[in-house]
Amino acid sequence: MAAEPVIRVQRDNFDAAAESARLTGDRTDVGAVVTFTGLCRDENGTLSALELEHYPGMAEAEIGRIARQAAERWPLTGLTVIHRYGKIAPGENIVLVAAASSHRQASFEAADFLMDFLKTRAPFWKKEHRTDGSDGGWVEAKQADDTAAERW
């Protein structure tokens, strides 16, 4: 991959279409851009917000490490990972992975790899805020996420 992956951890929302367009620009060697946008669910109407906390510096470093692994493993022409923190309401964006390559398989696999490892290794902590005003507590890690990451 020619350019270093773009990694951002930010409070503000992002524009997935603009980020995808940034990966293609005036390039003619890009044959595929696969994007994944993770959104906050309302958990059947019980969740008013999901609060994401992170350790500044550590989160960016770990995401960068995972992104560089993807860039070494697949022939990517560009890669962007954006992860938000703070209070996020249902329906709002949480995470974006955009992988560009000459061929679709590399883009799909790299994006899938990144999401599996973001779910299991990126240092974020999630706290649920309930619509009834109660504290939903911290979200526990899921065995299914660990199992998914094991395939890589």
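Predicted model: local features only at pLDDT ≥ 70, side-chain atom pairs only at ≥ 80, totals over all residues.
Residues are numbered from 1 along each chain as its sequence is written. Local features need pLDDT of at least 70 and side-chain atom pairs count only at pLDDT 80 or more, while totals for chains, interfaces and linings use all residues; side-chain values use heavy atoms, with hydrogens and water left out.

Helices (H or I, at least four residues) and strands (E, at least two) are DSSP runs, numbered from the N terminus. H3 runs over 104–121 and has 18 residues, reaching 25 Å from its first C-alpha to its last. That is close to the 26 Å expected at 1.5 Å a residue, the expected span being 1.5 Å times one less than the number of residues. Its buried residues include Ala 106, Ala 110, Phe 113, Leu 114, Phe 117 and Leu 118; buried means under 20% relative accessible area, exposed over 50%, and partly exposed in between (1.4 Å probe, protein chains only). The buried residues of H3 pack against S2, H2, S4, S6 and H4.

Leaving aside residues up to four places away in sequence, Leu 118 touches Ile 63, Val 81, Val 95 and Val 97 (contact means heavy atoms within 4.5 Å).

Next comes the largest pocket, with about 780 Å³ of space. On a 1 Å grid over the protein atoms alone, a pocket is an open set of points where a 1.4 Å probe fits, with protein on both sides within 12 Å along at least five of seven lines; lining residues have an atom within 4 Å of a point. The volume is the space filled by probe spheres set on the points, which are joined across faces, edges and corners. Of the 29 lining residues, Lys 119, Lys 126, Val 139, Lys 142 and Asp 145 are the closest to the centre. Here too H3 gives the most, with five residues.

Finally, the loop between S2 and S3 holds Glu 43 and Asn 44. Most residues other than glycine have a negative phi. Glu 43, however, has a positive phi of about 50°, and Asn 44 one of about 60°. Glu 43 counts as partly exposed because its relative accessibility is 31%, whereas Asn 44, at 79%, counts as exposed.
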